[in-house]
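Subject: Structure handover

Hello,

Here is the structure we spoke about. My notes on it follow below.

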Amino acid sequence: MMAKEISEEEMYQDLMEKIHVNNSDYMEFIDDIATQITIQRFGEDTHVEIQDGLSDGMVTIFTDDAQDFYNEQYDWVETMLNRTLKVYSDEQ
């Protein structure tokens, strides 16, 4: 049996196809990287504890500046994942 010959263009198209992964895993991966970049940038000024409005406990959130930076990093990491590795959420 003879193997089908694949053209260079077909090989390129196969390489350029998008890879779709579970949305939860996709978001967790991007969040982990964006969070680590944010912590490296802001250090001790990354988080602040506030009173939880739904309970008597405290919650830890990003400071306003760290949140803005995190949002930018999340978008940047997602764009790089899409453009460079062709990895997308299965909801895209």
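I begin with helix H3, whose buried residues are Ala 66, Phe 69, Tyr 70, Gln 73, Tyr 74, Val 77, Glu 78, Leu 81 and Asn 82. Please keep in mind that this is a predicted model. In general, an α-helix has 3.6 residues a turn, so residues three or four places apart point the same way. The partners against which the buried residues of H3 pack are H2, strand E3 (58-62) and strand E4 (87-89).

The length of H3 agrees with expectation: 22 residues at 1.5 Å a residue should span 32 Å, and the end C-alpha atoms are 31 Å apart.

With neighbours within four places in sequence left aside, Gln 73 is in contact with Ala 34 and Ile 37. Tyr 74 touches Met 27, Ile 30, Asp 31 and Ala 34, where residues up to four places away in sequence are again not counted.

As background, nonpolar side chains in soluble globular proteins tend to be buried together.

The end of H3 deserves a look at the backbone. Just after the helix, Lys 86 takes a positive phi of about 60 degrees, although Lys 86 is not a glycine. Most residues other than glycine have a negative phi. Lys 86 lies in the loop between H3 and E4.

On H2, Arg 41 is exposed, because its relative accessible area is 53% and the cut-off for exposed is over 50%. The C-alpha atom of Arg 41 is separated by 8.5 Å from that of Ala 66, a residue 25 residues apart along the chain.

Ile 50 sits in strand E2 (residues 47-51) and counts as partly exposed, at 35% relative accessibility. Together with Val 48 and Ile 61, Ile 50 makes a nonpolar surface patch of about 200 Å². Asp 52 is in the loop between E2 and E3; at 22% relative accessibility, Asp 52 counts as partly exposed too. Leaving aside neighbours within four places in sequence, the contacts of Asp 52 are Gly 57, Met 58 and Val 59.

Finally, some totals for the protein chain. How many helices and strands are there in the protein chain? There are three helices and four strands, and from the N terminus on the elements run α-β-α-β-β-α-β. The protein chain has 92 residues, of which 24% count as buried. Of the contacts with a separation of 6 or more, 59% are between residues 24 or more positions apart. The protein chain exposes about 7400 Å², with carbon and sulfur atoms supplying 52% of that area.

Regards

Key
Residues are numbered from 1 along each chain as its sequence is written. This is a predicted model: local features need pLDDT of at least 70, side-chain atom pairs count only at pLDDT 80 or more; totals for chains, interfaces and linings use all residues. Side-chain values use heavy atoms; hydrogens and water are left out. Patches are made of residues with over 30% relative accessible area and no salt bridge: like charges are joined within 9 Å, nonpolar side chains (Val, Leu, Ile, Met, Phe, Trp, Tyr) within 5 Å. Accessible areas come from the Shrake-Rupley method with a 1.4 Å probe; for residues, only the protein chains shown count as cover. A salt bridge is a side-chain nitrogen of Lys or Arg within 4 Å of a carboxyl oxygen of Asp or Glu. Helices (H or I, at least four residues) and strands (E, at least two) are DSSP runs, numbered from the N terminus. Buried means under 20% relative accessible area, exposed over 50%, partly exposed in between (1.4 Å probe, protein chains only). Contact means heavy atoms within 4.5 Å. The expected span of a helix is 1.5 Å times one less than its number of residues.
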